[in-house]
Amino acid sequence: MKKYIVADEWNIIEEGFDPHLNKISESIFSLGNGRMGQRANFEENYSGETLQGNYVAGIYYPDKTRVGWWKNGYPEYFAKVLNAANWIGIDIRIGEETLDLYTAEVSNFKRVLNMKEGYLERTFTAKLQSGKMLQVCAKRFCSIVDDEAAAIQYSLKALNFDDVLTIIPYIDGDVQNQDSNYDEKFWDEVYKEVKGADAYLTLRTKKTAFDVCTATRFSVDTDQHYDIEELMKEKHVGARLQINIKAGEEIRIFKYAVNLSSENYPKDQLLQASKDLLNRVSAKGFDTMLQEQASAWAEKWKESDIIIKGDVEAQQGIRFNIFQLNQTYTGEDERLNIGPKGFTGEKYGGSTYWDTEAYCVPFYLATASPDVTRKLLIYRYKHLQKAIENAQKLGFKDGAALYPMVTINGEECHNEWEITFEEIHRNGAIAFAIYNYIRYTGDQEYLSEYGLEVLVGIARFWSQRVNWSEARKQYVMLGVTGPNEYENNVNNNWYTNTMACWCMKYAIEALDYVSGTHSDRYTELTTKMSFDAHKEIQAWKHIIDNMYYPQDEQRGVFLQQDGFLDKELIPVSELDPSDRPLNQKWSWDRILRSVYIKQADVLQGLYLLEDQFDEVTLRRNFDFYEPLTVHESSLSPCVHAILAAKLGDQKRAYEFYLRTSRLDLDDYNNDTEDGLHITSMAGTWMSVVEGFAGMRVRDGQLQFHPFLPEKWQSFSFNIFFRGSVININVDKDGVCLNNRSEKDITILLFGKPVFLAGSSSVNVDNHCAEFQ
Ligand code: BGC
């Protein structure tokens, strides 16, 4: 844990420069706009430790798989979103000296991520070895208005010298991924051009042949005449210019950049489209672009902000999470998805995990138009054929679909057998997201349009993955890994068995619905899927009715897997703190044999299917599993926060919330330098909305059961629900519900109906007898 970020409601602030923290800060201060993103690398040369990262959404390279012992069924490659051309580069020289914060004496360093307006600002004073001192202020952003464009304003003031200032703005495409499996470079050069202040570089990915054209234009705010020397070398374009700078004088450099990919333009039009966009954004100018950026962010904040009063750190934490989620995925392009690290690092390759469906969907459902979540679902619909092929590779047949654990284009990329072949519960999350979307939006039509095919493919998979146990006279599921990756190859993981049957039940309901309401479409789809309704539904029902679920009758809890009770049940509290985190301190073998749970597993199931279980069952399982959980996945505390809140344990709900909300800001797990935990940020949001505010949707109705964490004076947020926009404010006096839309709505508050006419609000006092 490192606590160096200054608390502030709207800004993330770092004061003072410590090269040891640089990679962490590069992650924390990352910028993005859904279409591209980057780590907070410096514009000028930096010779200290850094992870350079510029990413263009959807542009990936299939890096040949590297494993010690090949197993049949492993994917050939791991698709990674690539480190793309560095477009921020502006090298600075004073006389013969290069500005480099690693070698200069740095003072007054301050880095600010302005979340309200969506830009990054860095100011510092640098004393070069010669004693010359300069003051710099660099501001930049990735535009959310023109999402292929970005801009930089780099101001530099000579403090105590007159000299020649050399400015070298450049685009560098000779970049690598640090996680490249075979130390390969993934880009080839296609085209380059430098014309005065404009530079163009088109690169093509090896194998996948995506083209990305990066183009920049710079200008320098000075009356002096300067000549531009054009610079070109392999995969590198830039310019060099020199001006005289005098003590006290300030020079401003502007750099506009665009990144266009062949995913969105025909290759032969990419260059022209880049030129057009560059002309358009540079004509607006930096200030106008920044104003537009601030207004667009103001709109986003209106939709998705959570306002917490009385706790600045909590406010900063939740805003940071919401800001980063909105920087990562905007829902404008159904070919894109949400990598666990977004655009903030190489880990997890920018690929899609079950995290999207299990953790991110609730956030986008409530804070954006339903279309955004729909696009996330359609992403999986489009990968259905690949999921069927993936299942076929593993020996399944007849349209059974196994979605990949890790993917960009629908093909599996993960290559650890215990996860690739066994962590199959991911299929459950994908089906559940369809249910969740329809439950929230009421958009049943989604089933006949897209959902049904996915549900049938998934149900078919489960029906083939289970087997009949003669000994038990029940169905069992052998050799799986549940959400708790600290147990592998176990039999009858309760969560997986439960989700499997839930999926089959839901698929049957979906079939009923489509056959009852869209008979032509039903015939079309069942023909397309060669679906034998009688035989297949019969088989699924037989499994549903005869599934085995491990449980301990005596304790009244579900068992994580068959052998769970053979383990030594020693709670985490008795572990020596020096043994934590286990994944860094213990051998893998010791972890696997231990009882310790990486992340919610049985509890994940109870969270998703909460309504099927009574409170006593929820409590017993929570009390049994929580003390054994080490929360070494960032996805764990949020589920615990929500369940603790549901069980009325406000104190513990708040403790779990704290673990998730500032996970990256305080580098809680010592791994922020790899990138931010973007998908768990959605979990933080869930902890407040589903945890503290107790929001649920049941039978098409919005419900709240809020409480106010002791440390807070109040919290409030907006929810978009079926055409209404509801603001809920919870403070020490009670709850205020405000209908900010024209549409009337009835909401259940503490289980009692509250009618809210359009544009009206209702205050419910804590002492109001009706709500006690
Ligand atoms: C978790 C998985 C998760 C992945 C990506 C792992 O550590 O155990 O559940 O999908 O990280 O976030």
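This report walks through some annotated and computed features of a predicted model.

## Ground rules

Residues are counted from 1 along each chain as its sequence is written, and because this is a predicted model, local features need pLDDT of at least 70 and side-chain atom pairs pLDDT 80 or more, while totals for chains, interfaces and linings use all residues. Side-chain values rest on heavy atoms, with hydrogens and water left out.

## What the records mark out

UniProt, in an unreviewed entry, puts "domain: Glycoside hydrolase family 65 central catalytic" at residues 319–686. UniProt positions follow the numbering used here, feature names are shortened, and annotations may be inferred rather than shown by experiment. That span is 53% helix and 3% strand, and its end C-alpha atoms sit 13 Å apart. Helices (H or I, at least four residues) and strands (E, at least two) are DSSP runs, numbered from the N terminus.

The domain assignment gives domain 1 (5–277) and domain 2 (714–771); such bounds come from an automatic or database domain assignment. The centres of domain 1 and domain 2, taken over C-alpha atoms, are 46 Å apart.

## The annotated binding site

UniProt's "binding site" annotation, again from an unreviewed entry, covers W354, D355, K598 and Q599. K598 sits in the loop between helix 15 (588–593) and helix 16 (602–608), and Q599 is in the loop between helix 15 and helix 16 as well.

K598 counts as buried because its relative accessible area is 14%, and Q599 is buried at 4%. For reference, buried means under 20% relative accessible area, exposed over 50%, and partly exposed in between (1.4 Å probe, protein chains only). Contact here means heavy atoms within 4.5 Å. Leaving out residues up to four places away in sequence, K598 touches N484, E485, Y486, T629, V630, H631, E632, S633 and S636.

Of its 34 lining residues, F432, Y435, N436, R439 and V697 are the closest to its centre. The search ran on a 1 Å grid over the protein atoms alone: a pocket is an open set of points where a 1.4 Å probe fits, with protein on both sides within 12 Å along at least five of seven lines, and lining residues have an atom within 4 Å of a point.

By class, the lining has 18 nonpolar, 5 polar and 11 charged residues. Ala, Val, Leu, Ile, Met, Phe, Trp, Tyr, Cys and Pro count as nonpolar, Asp, Glu, Lys and Arg as charged, and the others, Gly among them, as polar.

## Buried loop residues, and a helix residue

N33 lies in the loop between strand 3 (31–32) and strand 4 (36–38), and counts as buried because its relative accessibility is 2%. Setting aside neighbours within four places in sequence, N33 contacts C142, S143, I144, D146, D147, A149, Q327 and T330. R140 is 107 residues away from N33 along the chain, with 13 Å between their C-alpha atoms.

R662, in the loop between helix 19 (650–661) and helix 20, is buried at 4%. Not counting residues up to four places away, R662 touches K3, I5, E313, Q316, G317 and D667. Over in helix 11, K505 is partly exposed at 39%. K505 and L455 are 50 residues apart in sequence and 9.9 Å apart C-alpha to C-alpha.

The R580 to P581 peptide bond is cis, with omega near -10°. P581 lies in the loop between strand 25 (557–558) and helix 14 (582–585).

S530, which is not a glycine, has a positive phi near 50°. S530 is in the loop between helix 12 (519–528) and helix 13 (533–545), and is exposed at 60%. D699 also has a positive phi, about 50°, without being a glycine. D699 sits in the loop between strand 26 and strand 27 (701–704), and counts as exposed because its relative accessible area is 83%.
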